[in-house]
Structure formats: C-alpha cells, structure tokens
Amino acid sequence: MRVLVTGGAGFIGSHLVERLLSDGHWVRVLDDLSGGRLENLDGVRNHPCLQVVIGDVRDLATLQAAMEGVEVVFHLAAVVGVPRVLADPLRTIRVNVEGTERVLEACAERGIPVCIASSSEVYGKGVRWPAAEEDDLRLGSPTVSRWAYAVSKLLDEHLAMSWARRGLRVSVVRYFNVYGPRVDPQGYGYVIARFMDQALRGEPLTVYGDGRQTRSFIYVSDAVEGTLRAGLLPAASGHIFNIGHPEEISILALAERIRVVTGRQVPIRFLSFSEVYGPGFEEAPRRVPDVSKARVLLGFEARVTLDEGLQRTWEWWRTCRRV
Ligand SMILES: NC(=O)c1ccc[n+]([C@@H]2O[C@H](COP(=O)([O-])OP(=O)(O)OC[C@H]3O[C@@H](n4cnc5c(N)ncnc54)[C@H](O)[C@@H]3O)[C@@H](O)[C@H]2O)c1
C-alpha cells in the first residue's frame, strides 16, 4: 500500500515507518521537524520506497501534495510532551486540533482510511482504573495549562468520531507511555528517557512527587503493532483503542528497576512537582489501561515485558544516544 505517516520523523512515527517499509509498503512522511528529527529515520533514509516531505500538516497545499496517491494515513504529527505543552499551550491546541481537522477533511474528500494518534492523557485524573475506552473522563481546569494537551487530543477524538458517523473509515489509538530506542527526553514517555540519561551521566534519578503515582509503559514495537492493526483492519473503523501494557508500576519502582537494568547504583532524589513545573501543576495519581477492547477487536496484546523493553532501550541509550 502507499501510506502517509504524519509526524513520521518523530519517536513513534519513525518506528512505524520502519515497520511499514519492512512489511513492503511505500511510505511518505510529512513532518515539520519541530519535535522530531531526520536522524530518527537514518536506518531507512536511502530506502527506495520512502519519501520525506518537510512541512506543516496544517498547510493545505503541503497536505494536499502529501496525500497524492496515498491509500491510508497514520496521523501522528502533534505537539507532544509536558515541557513543550507548558511552554506553549496555545501552539499545542492549534497544531493538534487544526492539524487533525485538516487531515480528517483531506481523507474524507478522498475516501482514504485514517488512524489518529491520541493519548491516555484524555482520561485526565481518571474516574476508575484500569480505564476503558467508553469510560467517563475527568480533566482538570483550563486554568491549569497541562490539560491543554488532553483537551486537544479529546477534541481530535470527537472530530474523528464525527467523521466516522459521516462514513469515513477512521480509528483512534490512545497510547499509554510509549518507550524504546529514540524516545525523546522532551517528549511524552520521558520519565524513562530522563532516568536513563541520568543513569548514564552517573547523576541521581529524579523522582517527582513521592513516586507512588503509577503508570504503565508500552514498548514501541508493540505500540506500532497496535497502531497498524487499528489503521489497517476494517473492523477497527469508528473505534477508539487503548494501546498500552496492562502492567502497572509506581515511578519509584520504575527508578529502582532502571538502576538494576543499567547497573548504575545512582541515588534517587525526590523533587516536588511545583519545584519542577511551578505552582499549581496537577498530576494524575494512576494511569493504567483496560486492554480488552484491543484484544477482542484487533487481536492485539502487548508482548514485550518492561524488563525486556528497558534492556533494549538501555542498549540503544548506551551506544547510540545523541544529545
Ligand atoms: N510517546 C508517547 O508515549 C505518546 C503517548 C500518548 C500519545 N502520543 C501521541 O503519539 C504521536 C507521536 O508521538 P511521539 O511520542 O512520537 O512524539 P514526537 O514529538 O516524537 O512526534 C511527533 C512528530 O510530529 C511532528 N510535528 C509536530 N507538529 C507538526 C506539524 N504542525 N506538522 C508536521 N509535523 C509536525 C514533530 O516534528 C514530530 O516529529 C503524537 O500524536 C502524540 O500525541 C504519544
């Protein structure tokens, strides 16, 4: 197939591109390199079936040209990561909402199936855990900038569901903390990137808050598999899927696990959220997915264990990481 990946020079996008190429597809990447980097595509840069277009997904002429001849779209381009969102919530909303709106319209005009990347952030502080796709959501106040990202992604999901009702083949994937080689320390799953960076430098691992907040982490090859199934299987259309690993771990336990995996006996240092992000920052105490919908409809389950995934990420971090 001829596939367009927006945000294909980013962390997850570049892994998706590699996988699509190795499965025999022809791939066009559209990325403005505001968060991603061309180096992420180094492994496939000279592949005859890859074309890279540098441009803003919101620019209509650029998007129209990028859609030329395409049969399916994976829309991953977005402003991602708490530091970037806090630095410019307005840009976050504009890029994430306008970008998705334009991609959906372009796909609808041409009748092209599309998969939209969303986030576990839409659950906010959560109503119940593990959280399922049709659960109610509990977001914080608009006076707290961090929720700008969650709301932008939630609006993307509403746009997608509205277009699905009009007959567009569209699915949504809600990622839960993706990690692996090329994970961006400024990006979403950045607690693992931060810990590995600190371990490599022999510095203390900085745990924010008391470290008892929990998360689940999915290795990037699993996230890519879930994304492909959601984008390519007709049964996925009109649905939202949690793409995550069901294993829940506290951030303090994660820091301890990283000390073991890296073999670096660095101390753990606690910092309050307000020291890191300023006063009024809000954090979700838990975040873990109910993965049954993806299992039933997509036949998808994450396979890589946290220990295995951390080992592979550390291997890359030690040998290839470029700051
Ligand atoms: N990594 C995670 O754990 C995680 C979790 C939840 C959701 N997501 C979602 O998955 C997708 C990919 O995330 P990622 O972690 O790979 O982040 P990333 O920042 O590495 O990738 C996003 C890419 O989009 C590009 N981009 C940003 N604005 C653009 C624009 N206007 N036009 C064209 N390209 C643009 C960036 O340059 C970057 O390459 C995003 O939609 C993100 O919201 C990721």
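1. Ground rules. Numbering starts from 1 along each chain, following the sequence as written. Since the model is predicted, local features need pLDDT of at least 70 and side-chain atom pairs count only at pLDDT 80 or more, while totals for chains, interfaces and linings use all residues. Helices (H or I, at least four residues) and strands (E, at least two) are DSSP runs, numbered from the N terminus.

2. H8 against H11. Look at helix H8 (residues 251-262) and helix H11 (residues 306-320): their axes come within 10 Å and cross at roughly 55°. Axes here are lines fitted to C-alpha atoms, for helices over the stretch in contact, with angles running from 0 to 180 degrees between N-to-C directions. That makes H8 and H11 oblique to each other; under 35 degrees would be roughly parallel, over 145 roughly antiparallel and 65 to 115 roughly perpendicular, with the rest oblique. The crossing of H8 and H11 is right-handed, meaning the near helix is turned clockwise from the far one by less than a right angle.

3. Who meets whom there. From H8 come Arg257, Ile258, Val261 and Thr262, and they meet Leu306, Asp307, Leu310, Gln311 and Trp314 of H11. Contact means C-beta atoms, placed from the backbone, within 7 Å. By class, the H8 and H11 contact has 5 nonpolar, 2 polar and 2 charged residues. For the classes, Ala, Val, Leu, Ile, Met, Phe, Trp, Tyr, Cys and Pro count as nonpolar, Asp, Glu, Lys and Arg as charged, and the others, Gly among them, as polar.

4. H6 against H8. Helix H6 (residues 190-201) packs on H8 at about 45°, with the axes 10 Å apart, so H6 and H8 are oblique to each other too. Their crossing is right-handed. Val191, Phe195, Met196 and Ala199 of H6 meet Ile251, Leu254, Ala255, Ile258 and Thr262 of H8, a contact with 8 nonpolar, 1 polar and no charged residues.

5. Ile258 and the core. Apart from neighbours within four places in sequence, Ile258 is in contact with Phe195, Met196, Ala199, Leu205 and Leu310. Val5 and Ile258 have the most contacts inside the largest nonpolar core, which has 92 residues. Such a core is a set of buried Ala, Val, Leu, Ile, Met, Phe, Trp, Tyr and Cys residues joined through C-beta atoms within 7 Å. Its largest share, 8 residues, comes from helix H5 (residues 147-165).

6. Ser14. This serine sits in helix H1 (residues 11-22) and counts as buried because it has 29 C-beta neighbours inside 10 Å. The cut-offs are 20 or more other C-beta atoms within 10 Å for buried, 12 or fewer for exposed, and partly exposed in between. Leaving out residues up to four places away, Ser14 touches Gly8, Ala9, Asn40, Leu41 and Arg182.

7. Most residues other than glycine have a negative phi, and most peptide bonds are trans. Arg182, in the loop between E7 and H6, has a positive phi near 75° and is buried, with 26 other C-beta atoms within 10 Å. Asn177 has a positive phi of about 45°; this asparagine lies in the loop between strand E6 (170-175) and strand E7 (178-179). A cis peptide bond, omega about -5°, joins Trp129 and Pro130, and Pro130 is in the loop between strand E5 (114-119) and H5.

Technical notes. Two residues are in contact if their C-beta atoms, placed from the backbone, lie within 7 Å.
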